Amino acid sequence: MRNTARWAAALGLTAAAVCGPLTGAAVAAPGATPSSLYAPSALVLTTGHGDQAATATPERAVTLSCAPTASGTHPDAVRACAELRGTGGDFSALKAAGNVWCNKLYDPVVVTVQGVWQGQRVSYERTFGNACEKDSIVGGVFAF
């Protein structure tokens, strides 16, 4: 019986000596590992009437987050994220549909994008001649 007690005590102390530092390190540094496997993609998109963002009052603003899943206040976040992934996050690559005809009335609409796309800082501004031109952009990124 004495040998069994010694053996159990030795096994318990060995297990504590080997496993103890592993659990202590994991508890001591929870922020050492990344919180996500995805690069952050969180954007704020605004639209307003005017020639440039500096002088235009934002009339509508939405949020768009694309990693790990599409979310935010954007009305069609899934479609907008898919469109951005297709262009590699290049907002200037978003093109107008070829079958949309807009009038030539000049009533400028400015769209801005601020935030982070796949870990990279994004700052984008584009002025359209009118709301029809803005709405003619293929995809759902500016459809809010």
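Visitor: Which cysteine does a disulfide join to Cys66?
Guide: This is a predicted model. A disulfide counts here as a pair of cysteine sulfur atoms within 2.5 Å. The S to S distance is 2.0 Å, and the partner of Cys66 is Cys81.

Visitor: Which parts of the chain does the pair of Cys66 and Cys81 tie together?
Guide: The link is left-handed, with -85 degrees about the S-S bond. Cys66 lies in the loop between strand S2 (60-65) and helix H2 (77-87), and Cys81 lies in helix H2, so the tied parts are 15 residues apart in sequence: that loop and helix H2.

Visitor: Are Cys66 and Cys81 buried or exposed?
Guide: Buried means under 20% relative accessible area. By that cut-off, both Cys66 and Cys81 are buried.

Visitor: Where in the chain are Cys102 and Cys132?
Guide: A disulfide joins Cys102 to Cys132, with S to S at 2.0 Å. The pair links distant parts of the chain, 30 residues apart. Cys102 is in the loop between H2 and strand S3 (109-117), and Cys132 is in helix H3 (residues 131-135).

Visitor: What is the pairing of the bonded cysteines, numbered in sequence order?
Guide: The count comes to two disulfides. One joins Cys66 to Cys81, and another joins Cys102 to Cys132. In sequence order the pairing is 1-2, 3-4.

Key:
Residues are numbered from 1 along each chain as its sequence is written. This is a predicted model: local features need pLDDT of at least 70, side-chain atom pairs count only at pLDDT 80 or more; totals for chains, interfaces and linings use all residues. Side-chain values use heavy atoms; hydrogens and water are left out. Helices (H or I, at least four residues) and strands (E, at least two) are DSSP runs, numbered from the N terminus. Buried means under 20% relative accessible area, exposed over 50%, partly exposed in between (1.4 Å probe, protein chains only).
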